[in-house]
Amino acid sequence: MPAITRGSHCKIENGTKLDDVMVARVTDASAMEKTPPKRKLRSGDAQRQQSPVSEPMNWKSPRRCLNSSPKSVPHSDGKTFIDGFPKLHMSPIKCLFKNPSVKPDWNPKDTQHIKTAKEALHVSTAPTTVMCREDEQSRILNFCKACVEKEKAGSLYVCGCPGTGKSLSMEKVKEQLADWVKESGLQLPDILSINCTSLAKTSDIFTKIMGEAQPQKKRNGSLTPLQHLQSSYSQKAESSCTKMMLIIADELDYLITKDKAVLHNLFMLTTFPFSRCILIGIANAIDLADRFLPRLQALNCKPPVITYRAYSKEQILKILHQRLIVLPFVVFQPQALELCARKVAAVSGDMRKALCVCRNAIELLEAEHKASSKEEDHIACDASAPEIVKSRESQIVRLDHMAVALSKTFKSPAVETIQSLPQHQQIILCSVVKLVRGGKKDTTIGEVNKSYVDICKSTLIPPVGTLELSNMFTVLNDQGLLKLGQSRDDKTRRVLLKVDEADVMFALQGIRFFRNCLTVN
């Protein structure tokens, strides 16, 4: 009989009983259970074991690494890696609006909270930097630097639509010019800012310039302020230390008269041989220099023009984020801000309008919470996490608040017409908007009919018949809301939305039924 071996590789001698062998095996097994098993090494651990010296791993401190775990392995490039892939961190603005819990709650019932939010969105609250206008601001500053450095007079015309940052840019240019002059060791020019709407007469602008340029000089009573300035700039100054003067004339189009003499004489002051004037005129009209200063063009003295274009949707959104990021709480849903930026950019690109709409939306939320304050007092304090998030979402300005604020600001005849339509015609418009959304230009009556029936069934509203539906299309076409194409088959006739999609949304967002239908999936 062959020998039986144990785990210790010992042979069973002759005369040893099989029972003794089994007892020995059991004893060895119990001993193995008492001994703790060895830890299974990973591939990385095996390599570290083979190395003679193993240096301890330097983990990142939680205080020094805010965006990664304290036990994330640091790499040479400073990135955090998870499973071999770099972890991309979200920008502060995206993180703020994606996760409202980043900032503490705000209370729409708190008057101090409301006041703080409105002040941040007020036109008079000047931001630290003028965003999206860096190029225009740099060109104006370089023009002023060149005139001051060479001690040479010059004129510049700044134009653009209202609310595009012209006046705000000039305030920043004045600050930057003062800093540059101080660093360069040059003499800061006298700065005269005039809003032409405050003048009693258009010719009073020369009186203001005269008072700034020669405050203590005795004047000849027979000469007008304009003639004094023309005479002064036609001859060399008595004192060599005469300072230059920067004149910023805002709302310049108020100086337009029938003979255009005031506007022409103002720009002509910079063409005299000993003039010390740097004139910057600001107005809304882009072609003002061409239409009202033809003689300057003939004399080759036409001022260079810097045009401020209307703000785009992205620029408006960026500026709104800049103003809201300083608040210690979240006020708006991201979708609400995007709706505001899209509508304002499509209508005018006026940043002041966007700020006004946002403040109106805050007032709507404030009024809503005042009306429902009694109901909210009974909310349970031990709500679950999803309910807490829902409650926090209800405390910020939502899409419906912004839509109502926009409709009040941009009230158009189309909005009033849509709001006065019967319910089934409103459902047809709602169906067309859903079908043409996403860049599609038009649709067909057959597709609109199918969408109309689906909406009616989902809301338990009985749909109208085919003949009545066709009559409704004709009515909407006659009112200019839809445009119907020509076709032998009524179902294949093309349907084109003739009003802005946003106008339909603004007109119907106040009704919960249509708000649910128009919600973007």
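Predicted model: local features only at pLDDT ≥ 70, side-chain atom pairs only at ≥ 80, totals over all residues.
Visitor: How are two packed helices described?

Guide: By two values, the angle between their axes and the distance between those axes. Take H4 (residues 111-120) and H14 (residues 351-371): their axes lie 10 Å apart, at an angle of about 165°. Angles over 145 degrees count as roughly antiparallel, so H4 is roughly antiparallel to H14. The crossing of this pair is right-handed.

Visitor: Which residues make the contact of H4 with H14?

Guide: Ile-114, Ala-117 and Lys-118 come from H4, while H14 supplies Arg-359, Ile-362, Glu-363 and Glu-366.

Visitor: At what angle do H14 and H17 cross?

Guide: Roughly 125°, with the axes of H14 and H17 (residues 399-409) coming within 8 Å. The two helices are therefore oblique to each other. Their crossing is right-handed. On the H14 side, the contact includes Val-357, Ala-361, Leu-364 and Leu-365; among the H17 residues are His-401, Met-402, Ala-405 and Lys-408.

Visitor: How do the residues of that contact divide by class?

Guide: For H14 with H17, there are nine nonpolar, three polar and three charged residues.

Note on methods: Residues numbered from 1 in each chain as written. Heavy atoms only, no water. Axes fitted to C-alpha atoms, helices over the stretch in contact; angles between N-to-C directions. Helix = DSSP H or I, 4+ residues; strand = E, 2+ residues; numbered from the N terminus. Parallel < 35°, antiparallel > 145°, perpendicular 65-115°, else oblique. Left-handed = near helix turned anticlockwise from the far one by under 90°. Contact = heavy atoms within 4.5 Å. Nonpolar A, V, L, I, M, F, W, Y, C, P; charged D, E, K, R; others polar.
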